[in-house]
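Trainee: I'm new to this one. Could you walk me through it while I ask how you know things?

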Amino acid sequence: QVQLVESGGGLVQAGGSLTLSCAASGRTFSTYVMGWFRQAPGKEREFVASLSWNDGRTYYADSVKGRFTISRDNAKNTVYLQMNSLRPEDTAVYYCAAGRVGAGFGSWGQGTQVTVSS
């Protein structure tokens, strides 16, 4: 069973930076895609970024492209989301997700709150 534990959320001023971490366990993740999603109050959960564990290929939502970077540490089985130039509209609960290639995201973390003040 895949377990995902996020950390690194918090309160930051607009223009600042935060790095989220997602520690993954329970599987060998070489055939997995890892993703970050977020959900703001009153809004649906939306895709932020994804990374293919096998080849490192990444994808980003247009709203974060050029500001956020998803990366992985193979030795630690950890995925990161480096967030720069944060905006108030980035305020949300951020979730880490994992899924086998082609199967969608079937495993989710508990979420970590990111609040960006103006």
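Trainee: What makes Arg-38 buried or exposed?

Mentor: Buried means under 20% relative accessible area, exposed over 50%, and partly exposed in between (1.4 Å probe, protein chains only). Arg-38 has 5%, so it is buried. Before we go on, this is a predicted model: local features need pLDDT of at least 70, side-chain atom pairs count only at pLDDT 80 or more, and totals for chains, interfaces and linings use all residues. Residues are numbered from 1 along each chain as its sequence is written, and side-chain values use heavy atoms, with hydrogens and water left out.

Trainee: And why is Glu-46 called partly exposed?

Mentor: Its relative accessible area is 34%, so Glu-46 goes in the in-between class.

Trainee: How do you know that Arg-38 forms a salt bridge with Glu-46?

Mentor: The term needs a side-chain nitrogen of Lys or Arg within 4 Å of a carboxyl oxygen of Asp or Glu. Here the closest N and O atoms are 2.6 Å apart, so the pair qualifies.

Trainee: What makes Asp-55 and Arg-57 a salt bridge?

Mentor: Their closest N and O atoms are 3.9 Å apart, so this pair counts too.

Trainee: And what about Arg-67 and Asp-90?

Mentor: Those two form a salt bridge at 2.8 Å. Arg-67 lies in the loop between β6 and β7 and Asp-90 in the loop between β8 and β9, so the pair ties together parts 23 residues apart in sequence. Arg-67 has 8% relative accessibility, so it counts as buried, and so does Asp-90 at 1%. Salt bridges that share partners join Arg-38, Glu-46, Arg-67 and Asp-90 into one network.

Note on methods
Helices (H or I, at least four residues) and strands (E, at least two) are DSSP runs, numbered from the N terminus.
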